[in-house]
Amino acid sequence: MSKVQTYLFYEVLRAVLIIVGGLAMLALLAQGLARTDLILENRQSALTYFYIVMLGAPQIIALLTPLALFVAGVWSLNRIHKDSEIVVAQAAGMTPWQIASPIMRLAVLCAIAHLAVNLWVQPAAQRAMRETVSTARADLAAALIRPGQFTSNGDQLTFYAREQIGGELRGVLISDMTDPEFPTDILARSASLVEVEGRPTLLLRDAISQQLDENQQLSILEFDQYMFDLSDFMKEDSDLRLKASDKYLYELFVVDRSNYFEAKDADALLAEGHARLTTPLLNIVMSLIAIFAVLGGDFSRKGYGKRIAIAATGATVVLIIQLALQSAAAGDPGLNILQWLLPVSVVGALSYVYFHGGRRIGKAARPGPTRGAPDDAVPA
């Protein structure tokens, strides 16, 4: 690239990084507020909280990059065009393609990075986040062990411990309502959470079990040690089911028909797979719209507010239609072709109008002669 092209490239790149960084921080903050239940309800550490929030960053950045390219392209081109730097480049003999090529190169790089995130980074991060959230919510020790408080896991189990010293609980009460007709209450002097053959188990010491039998007679049993199996109470949380956003590309296109949930969502998985491949093209679409908004018309020292407003509306419409097509394709696989047709047709149309008519646009973008000045005063 020439010095002028390098200058344009880094101007837009700097703006893209600032915009993506700022919007990503706001989006992560909003996402983090929705995850505060991990700390408040499941008593997880702040490290787990920030780890889960950061795992959502790749998906957020990928979604924001096309929009950031449009805003950065419009802002940078508008600024340097008003300062007559584009006019100087045209006067030096640069064609419309040579002026737009730095932004298009950045758009292609962003599209490749976006594709890499969609194919590998996002599924890996989403899986790790889903597993971490599931593990945190299935952590019965964190959910149940709240010394001095009665806690419950649904309607089946109520737990109380007077105090906790190290890893040992003192003064334990358990109310087991798994069988509503024959509820069981267990009192224990102390208890500790252990794992027996991979199953979470509460080891109760000096325990007393009280239960009503079929004759409504109270049955009391005493134990030196009693193993209370907790696996039934966390079965629902331990069942991790991956969503479409958590799957890799081959898992979206090759559906396991023996799996009920995958077979039921086969059309939605297919739509997600096509969206993973087509959304990176939006980076090129947004860059072309930004270029056309500023460079696709007459030069004006007053700015290009009207053209930019029209271009912003067009960019918004394209993004909305693309999202609507993905949603519609989840119910009708035949619409997946439109997910490809929309960005490709917009790129083709804008490229033809701007680059095919490059000589006309290049001349129109230059300022005309001032009143009373000779024609040869206009830059060649």
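Which residues in H13 meet which residues in H14?

Tutor: The coordinates are a predicted model, in which local features need pLDDT of at least 70 and side-chain atom pairs count only at pLDDT 80 or more, while totals for chains, interfaces and linings use all residues. Residues are numbered from 1 along each chain as its sequence is written, and side-chain values use heavy atoms, with hydrogens and water left out.

On the H13 side, the residues are Val318, Ile321, Gln322, Leu325, Gln326 and Ala329; in H14 they meet Asn336, Leu338, Gln339, Leu342 and Pro343. Contact here means heavy atoms within 4.5 Å. Sorted by class, this contact of H13 with H14 has seven nonpolar, four polar and no charged residues. In that scheme Ala, Val, Leu, Ile, Met, Phe, Trp, Tyr, Cys and Pro count as nonpolar, Asp, Glu, Lys and Arg as charged, and the others, Gly among them, as polar.

The geometry comes next. Two packed helices are described by the angle between their axes and the distance between the axes. For H13 and H14, the axes come within 8 Å and cross at roughly 165°. The axes are lines fitted to C-alpha atoms, for helices over the stretch in contact, and the angles run from 0 to 180 degrees between N-to-C directions. H13 and H14 are therefore roughly antiparallel to each other; angles over 145 degrees count as roughly antiparallel, under 35 as roughly parallel, 65 to 115 as roughly perpendicular and the rest as oblique. The crossing of H13 and H14 is left-handed, a label used if the near helix is turned anticlockwise from the far one by less than a right angle, with right-handed used if clockwise.

H13 also packs against H12. H12 covers residues 281–295 and H13 covers residues 305–329, and the two pack at an angle of about 165° with their axes 8 Å apart. H12 and H13 are therefore roughly antiparallel to each other. In this pair the crossing is right-handed. From H12 the contact is made by Leu282, Val285, Met286, Ile289, Phe292, Ala293, Val294 and Leu295, and from H13 by Arg307, Ile308, Ala311, Ala315, Val318, Leu319 and Gln322. The classes in the contact of H12 with H13 are 13 nonpolar, one polar and one charged residues.

The expected span of a helix is 1.5 Å times one less than its number of residues. The buried residues of H13 are Ile308, Ala311, Ala315, Val318, Gln322, Leu325 and Ala329. Buried means under 20% relative accessible area, exposed over 50%, and partly exposed in between, with a 1.4 Å probe and protein chains only. The elements that cover these buried residues of H13 include helix H4 (57–82), H11, H12 and H14 (336–356).

One of these covering elements, H11, spans residues 266–278; its 13 residues reach 19 Å from first C-alpha to last, close to the 18 Å expected. Buried in H11 are Ala266, Leu269, Ala271, Glu272, Gly273, His274, Ala275, Arg276 and Thr278.

As for the chain, there are 15 helices and six strands. Helices (H or I, at least four residues) and strands (E, at least two) are DSSP runs, numbered from the N terminus. Buried residues make up 42% of the 380 residues in the protein chain. Of the contacts with a separation of 6 or more, 62% join residues 24 or more positions apart.

Asp206 lies in S5 and has a positive phi of about 50° although it is not a glycine; Asp206 is partly exposed, with a relative accessible area of 37%. Ser209 also lies in S5 and, at 12% relative accessibility, counts as buried. Residues up to four places away in sequence aside, Ser209 touches Thr184, Asp185, Ile186, Ser219, Ile220, Leu221 and Phe223.
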